[in-house]
Amino acid sequence: MSSLSVIVNGQPQSIDSETRPTHLFQSDSDVVVCKINGELRDLWTDLKDGDHVESVSIDSPEGLAVLRHSTAQDRKSTRLNSSHGYIS
């Protein structure tokens, strides 16, 4: 397998090309999303050589916004499904 050179929270790292941000931050349960090259991205986003990856924790304004958005989407989905008889 090939490797990538990335910057993770300001620190250079060499990682396997199959590594995703979720693997980089797996020991920190407060991380809910990440920034790749300054843009909010899902923790399962593919990484490329030279990417700058930053963790975004749930207690940050961006992390809280993502949590609220996800919760709103889940609630909307549950309401839609229950109105069609999919959820008892």
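Student: Let's start with Ser 57. Which residues does Ser 57 touch, leaving out those up to four places away in sequence?
Tutor: Ser 57 touches Asp 30, Val 31, Val 32 and Gly 63, once residues up to four places away in sequence are left out. Bear in mind that this is a predicted model.

Student: Okay. Where is Ser 57 placed?
Tutor: Ser 57 is in strand S5, and that strand covers residues 52–57.

Student: What does the side chain of Ser 57 make a polar contact with?
Tutor: With the side chain of Asp 59, at 2.4 Å.

Student: And how far is Ser 57 from Ser 29, in sequence and in space?
Tutor: They're 28 residues apart in sequence, and 8.4 Å apart in space going C-alpha to C-alpha.

Student: Why does Ser 57 count as partly exposed?
Tutor: Because its relative accessibility is 21%, and the buried class is for values under 20%.

Student: Zooming out now. How many helices and strands are there in the chain?
Tutor: Two helices and five strands. Starting at the N terminus, the elements run β-β-α-β-β-β-α.

Student: What's the strand order in the sheet?
Tutor: S2-S1-S5-S3-S4, in an open sheet of five strands with mixed pairing. The edges are S2 (11–16) and S4 (39–41), each of which pairs on one side only. From one strand to the next, the twist averages 40 degrees.

Student: Which sense do S1 and S2 pair in, parallel or antiparallel?
Tutor: Antiparallel, over six bridges, with S1 spanning residues 3–8. Ser 3 has Asp 16 as its bridge partner in S2, and Ile 7 stands opposite Pro 12 in S2.

Student: What about the turn? How many residues lie between S1 and S2 in that hairpin?
Tutor: Two residues, and Asn 9 in the turn has a positive phi of about 50 degrees.

Student: And S1 with S5, parallel or antiparallel?
Tutor: S1 and S5 pair in the parallel sense over two bridges.

Student: Which side chains of S1 are buried?
Tutor: Leu 4, Val 6 and Val 8, which point to one face.

Student: Switching to the loops. Where is Arg 20 found?
Tutor: Arg 20 is in the loop between S2 and helix H1 (21–24).

Student: Is Arg 20 buried or exposed?
Tutor: Buried, because its relative accessibility is 14%. The side chain of Arg 20 makes a polar contact with the side chain of Asp 46 at 2.8 Å. Setting aside residues up to four places away in sequence, Arg 20 touches Leu 43, Trp 44, Thr 45, Asp 46 and Leu 47.

Student: Thr 45 is on that list. Where does Thr 45 lie?
Tutor: In the loop between S4 and S5. Thr 45 counts as buried because its relative accessibility is 15%. A polar atom of its side chain lies 2.7 Å from the backbone oxygen of Asp 42.

Student: And what does Thr 45 touch, not counting residues up to four places away in sequence?
Tutor: Arg 20, Pro 21 and Ile 36.

Student: Last bit, the whole chain. What percentage of its residues count as buried?
Tutor: 25% of the 88 residues. The chain exposes about 6,100 Å², and carbon and sulfur atoms supply 47% of that. As for contacts with a separation of 6 or more, 36% of them are between residues 24 or more positions apart.

Technical notes: Residues are numbered from 1 along each chain as its sequence is written. This is a predicted model: local features need pLDDT of at least 70, side-chain atom pairs count only at pLDDT 80 or more; totals for chains, interfaces and linings use all residues. Side-chain values use heavy atoms; hydrogens and water are left out. Two strands pair if DSSP finds at least two bridges between them. Helices (H or I, at least four residues) and strands (E, at least two) are DSSP runs, numbered from the N terminus. Axes are lines fitted to C-alpha atoms, for helices over the stretch in contact, and angles run from 0 to 180 degrees between N-to-C directions. Buried means under 20% relative accessible area, exposed over 50%, partly exposed in between (1.4 Å probe, protein chains only). A polar contact is a pair of N or O atoms within 3.5 Å; within protein, one must be able to donate a hydrogen and the other to accept it, and residues adjacent in sequence count only if both atoms are side-chain atoms. Contact means heavy atoms within 4.5 Å. Accessible areas come from the Shrake-Rupley method with a 1.4 Å probe; for residues, only the protein chains shown count as cover.
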